[in-house]
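Visitor: I would like to go through this structure term by term, setting each value against the cut-off that gives it its name.
Guide: Then let us look at it together and begin with a pair of helices.

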Amino acid sequence: MNPGHGTRPLSDTVHVSATLDKAAAENFPVAPAFLPRAWRDGLTAVYGYARLVDDIGDGDLAPGGRDAVLLGLDPAAVDDRLAMLDAFEADLLRVFGSADGPPRHPLLLALQPVVRAHGLTPEPFLGLIEANRQDQRVTRYATYGDLVAYCELSANPVGRLVLSLTGTSTPELIRLSDAVCTALQIVEHVQDVAEDLGRDRIYLPAEDMRRFHVSESDLAAPSAGASVRALVAFEADRAATLLDEGVPLVGSVHGRLRLLLAGFVGGGRAALRAVTAAGFDVLPGPPKPTKSGLLREVAAVLRTAPRKR
């Protein structure tokens, strides 16, 4: 799949490729080559959508305002995140057949045939937009329950889309997928404490910060003290427990899908091992797993995931 090729200017094709290239920085493989072409195309289109909506919400769009123009706005609107998210939602509705023509943004234009081929519904896509709207309004989370509710919007829709794309969506698999996706989101929050604070966001629940006697100023230090390390270890353990809860998801499917889902779980575990290896000091920057560490964790998941006949 080459979104925009043949229908868009070369500059837009390059612009789209820059968004899709961010997949290399994820903790887990997005659309590995061992998957069937149709799955890879679908996963790439969904990743492009999710990456773009997060970039809008985080203010990480490419300079120049091209994304605003593609969505029918003035280039200066690129800095108005809520206006951009509203325009993005309107373009999403064009994917699902609203009356005012085809999608304007090439990443959404690439998503449209995937939506049609797999009978995807708007709800998970809208959830990701709403999560980014919430990021503009909510910068602190009082309780772990509040954070899990946020993950229901920001992470779980992606796993549900993977199940839909691969024709394996059932209530039980959705439940297991939600556990894995919430875990992966918490892992990301644990890795990115310093980066998130730079955006004036803290995803560590306030109730846990009080429990471990951690203040916001502690999170702004160049390196973590004992209290911060204990808090990070606590949140990492929560994520590990959720990953363990979701491992049966891997054993519930077969073939290449089993390997893909093992990649998601193994990627989360490898990231947690990197956090542990850093002594839970995530403040200098996000600890990242090595490729060999990722492969070891994927292999371990494949060995231990209970198979369902």
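Visitor: What makes H4 and H6 roughly antiparallel?
Guide: The axes of H4 and helix H6 (residues 123–137) cross at roughly 175° and come within 10 Å, where axes are lines fitted to C-alpha atoms, for helices over the stretch in contact, and angles run from 0 to 180 degrees between N-to-C directions. Angles over 145 degrees count as roughly antiparallel, under 35 as roughly parallel, 65 to 115 as roughly perpendicular and the rest as oblique, and H4 and H6 are therefore roughly antiparallel to each other. This is a predicted model, in which local features need pLDDT of at least 70 and side-chain atom pairs count only at pLDDT 80 or more, while totals for chains, interfaces and linings use all residues. Residues are numbered from 1 along each chain as its sequence is written, and side-chain values use heavy atoms, with hydrogens and water left out.

Visitor: Which residues of H4 and H6 meet?
Guide: Contact means heavy atoms within 4.5 Å, and among the residues that meet are Leu 85, Phe 88 and Leu 92 in H4 and Phe 125, Ile 129 and Arg 133 in H6. By class, the contact of H4 with H6 has seven nonpolar, two polar and four charged residues.

Visitor: How do you know how H2 runs relative to H4?
Guide: Helix H2 (residues 37–58) and helix H4 (residues 81–95) pack at an angle of about 155°, with their axes 8 Å apart, and that angle makes H2 roughly antiparallel to H4.

Visitor: What covers the buried residues of H6?
Guide: Buried means under 20% relative accessible area, exposed over 50% and partly exposed in between, with a 1.4 Å probe and protein chains only. The buried residues of H6 include Phe 125, Leu 128 and Ile 129, and the cover over the buried residues of H6 includes H2, H4, helix H5 (106–118), helix H7 (144–154) and helix H8 (156–165).

Visitor: Why is H9 called largely enclosed?
Guide: Helix H9 spans residues 171–191, and 16 of its 21 residues are buried, so H9 is largely enclosed by the rest of the structure.

Methods: Helices (H or I, at least four residues) and strands (E, at least two) are DSSP runs, numbered from the N terminus. The expected span of a helix is 1.5 Å times one less than its number of residues. Ala, Val, Leu, Ile, Met, Phe, Trp, Tyr, Cys and Pro count as nonpolar, Asp, Glu, Lys and Arg as charged, and the others, Gly among them, as polar.
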